[in-house]
Amino acid sequence: MIRLLIIVLFLAVTAIFAMSNLDDATVWLASFGFSIKMGKLITLLAVPSLVLGLLLGLTGELRQRRRARKAESQLRTSQKQLIELHQRLDQLKAGSVAPTSDAIQPSSQK
């Protein structure tokens, strides 16, 4: 939600700036020069930069989601193992609670 607010504010400021600066400016790129309205220039630079930033952020977010899914999978596996170990422990406790003939005899009689 915050990202959307930032994007909307950025685009609004860019649009206001583009509409306010309608003067022609000469732009030189290496030895090639051309005349363009300053508002168009800013818009032509800002919008692709915004898209590039969003794509880079998206790739980072997808990478983070992949790591989170892997961690959740490992957590589920660990929880299953924990449940299995608790069941084994309960079975061992249940087996040791039932008296056997060896457990009743004193150790000196064995």
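**Charges, rings and patches on a predicted model**

Let's start with glutamate 84, which is partly exposed at a relative accessible area of 40% (buried is under 20%, exposed over 50%, partly exposed in between, using a 1.4 Å probe and protein chains only). This is a predicted model, so local features need pLDDT of at least 70 and side-chain atom pairs count only at pLDDT 80 or more, while totals for chains, interfaces and linings use all residues. Residues are numbered from 1 along each chain as its sequence is written, and side-chain values use heavy atoms, leaving out hydrogens and water.

**Salt bridges**

- Side chains of opposite charge can pair when their charged atoms come close.
- The whole structure has four salt bridges (a side-chain nitrogen of Lys or Arg within 4 Å of a carboxyl oxygen of Asp or Glu).
- Glutamate 84 pairs with arginine 88, with the closest N and O atoms 3.0 Å apart.
- Both of these residues, arginine 88 and glutamate 84, sit in helix α2, four residues apart, or about one turn of the helix (helices are DSSP runs of H or I with at least four residues, strands are E runs of at least two, and both are numbered from the N terminus).
- Arginine 88 is partly exposed, at 48% relative accessibility.
- Shared partners link Arg3, Glu61 and Arg65 into one salt-bridge network.

**Aromatic rings**

- There is one aromatic pair (rings of Phe, Tyr and Trp, the last by its six-membered ring, with centres within 6.5 Å; planes under 30 degrees apart are stacked, over 60 edge-to-face, the rest tilted).
- Phenylalanine 32 and phenylalanine 34 make up this tilted pair, 5.7 Å centre to centre with 40° between the planes.
- Phenylalanine 32 is exposed at 54%, while phenylalanine 34 is partly exposed at 29%.

**Surface patches**

- Phe10, Leu11, Val47, Val51, Leu55, Leu58 and Leu62 make a nonpolar patch of about 560 Å² (patch residues have over 30% relative accessible area and no salt bridge; like charges are joined within 9 Å, nonpolar side chains within 5 Å).
- Helix α2 gives this nonpolar patch its largest share, five residues.
- Arg63, Arg66, Arg67 and Arg69 form a positive patch.
- Arginine 67 belongs to helix α2 (residues 38-97) and is exposed, at 53% relative accessibility.

Definitions and conventions: Areas by Shrake-Rupley, 256 points an atom, 1.4 Å probe, with all protein chains shown as cover. Lys, Arg positive; Asp, Glu negative; His and termini not counted. Charge placed at Lys NZ, Arg CZ, Asp CG, Glu CD.
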